[in-house]
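Thank you all for coming; I would like to walk through one model this morning. Please have the viewer open while I talk.

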Amino acid sequence: MQYDVILPAAGSGKRMGAGKNKLFLELKGKPILMHTLEIFERDAWCRGIYLAVKDSERAYIEQLLTQYNITKVKQMPTGGAERQHSVQSCMKAIAEGEIVLVHDAARPFMTAPTIHALAEAAFEKGAAIAGVRAKDTMKRVEAGVIQETVDRSTLWMIQTPQAFRFDVLKRAEDNAERDGFLGTDESMLVEREGVDVHIVESSYENVKITTKEDLVFGEAILNQRIGG
C-alpha cells in the first residue's frame with residue numbers, strides 16, 4: 001500500500017517564543033522538521049511528501065532537504081494563514097492519489113507501525129486518525145467554575161497523522177472552502193460530510209513540539225530510543 005503525506009510547515013510558532021519557525025529548532029543537533037521528514041523518507045509505503053511552506057523560508061528548507069538527503073518531497077506549495085489553507089494548497093498539488101495523510105511537522109516521534117495501521121484503516125473505512133486515551137480527570141468549566149466531571153472513558157486526545165481516502169478529504173476540503181468553513185483539523189471537515197472517522201490508538205510519545213518544555217521531553221524521547 002502507498003500513501004502521500006501532507007506536512008503543514010508554514011506556522012509561526014509564537015508559543016515557542018524562539019524568534020523563528022520552531023521547526024528549525026534542533027533536537028540532538030538536527031532540526032525538528034528533518035526528524036519528522038526522515039520518518040516518511042524511510043517508510044517504503046510513502047509515495048511522496050507535500051510540504052506547505054512560507055515563501056521566505058523556501059530556500060532554507062531546500063538547503064536542509066539536500067543536506068539531510070530528503071528525496072521524497074514532491075512539491076512545496078505556499079502555505080496559508082491557517083493550517084486548513086496549507087492543507088488545501090497541498091491537496092491541489094497532488095494530481096491524484098488513493099490514501100493521503102496529514103501530519104503535524106512538529107511531531108517527530110511517530111512510528112511506521114502506527115502510520116501503516118492508519119493507512120490501512122483509511123483504505124478500508126475512508127477515514128482514520130491517531131489518538132490516545134485521556135488519562136487525567138476531565139471537567140467541563142464555564143466562567144472559571146466546574147459544571148460537571150466528564151466521563152473520560154469516552155474521551156481521546158487527538159494527534160496526527162490523520163489518514164483519509166484521497167477523494168474523501170478532497171471533497172471535505174473543497175466543500176469547506178466553498179462554504180467558508182474553518183475547522184480545527186481535517187477530521188472535523190470530514191465529520192462535517194457525514195463520514196465516520198475511526199480512531200487508531202497511538203503512543204503518548206507522539207508529542208507535538210509546541211513549547212520550550214516540549215523540547216526537553218523530545219530530547220528525553222530521542223535519548224531513550226537511541227540509548228543516548
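Predicted model: local features only at pLDDT ≥ 70, side-chain atom pairs only at ≥ 80, totals over all residues.

Residues are numbered from 1 along each chain as its sequence is written, and side-chain values use heavy atoms, with hydrogens and water left out.

Let me begin with the largest nonpolar core, which has 43 residues, and in which Tyr3, Leu33, Leu37, Phe40 and Leu51 have the most contacts. By a nonpolar core I mean a set of buried Ala, Val, Leu, Ile, Met, Phe, Trp, Tyr and Cys residues joined through side-chain atoms within 4.5 Å, where buried is under 20% relative accessible area, exposed is over 50%, and partly exposed is in between, with a 1.4 Å probe and protein chains only. Among the elements that each supply at least two residues of this core are strand E1 (3–8), helix H1 (32–42) and helix H2 (58–67), and H1 gives the most, with 6 residues. Helices (H or I, at least four residues) and strands (E, at least two) are DSSP runs, numbered from the N terminus.

How many of the residues of H1 are buried? The count is 10 of the 11, so H1 is largely enclosed by the rest of the structure.

Turning to the rings, there are 2 aromatic pairs, a pair being Phe, Tyr or Trp rings (for Trp, the six-membered ring) with centres within 6.5 Å, called stacked with planes under 30 degrees apart, edge-to-face over 60, and tilted for the rest. Tyrosine 3 and phenylalanine 40 are edge-to-face, at 6.3 Å centre to centre and 80° between the planes, and both residues are buried. The rings of phenylalanine 24 and tyrosine 60 have centres 4.9 Å apart and planes at 90°, so this pair is edge-to-face. Phenylalanine 24 counts as buried, at 9% relative accessibility, while tyrosine 60, at 36%, counts as partly exposed.

Finally, the loops: asparagine 206 lies between strand E11 (198–201) and H7 and is buried at 3% relative accessibility, with its side chain joined to that of glutamine 159 by a polar contact of 2.8 Å. Threonine 154, between strand E9 (145–150) and strand E10 (156–165), is by contrast exposed, with a relative accessible area of 57%. A polar contact is a pair of N or O atoms within 3.5 Å; within protein, one must be able to donate a hydrogen and the other to accept it, and residues adjacent in sequence count only if both atoms are side-chain atoms.
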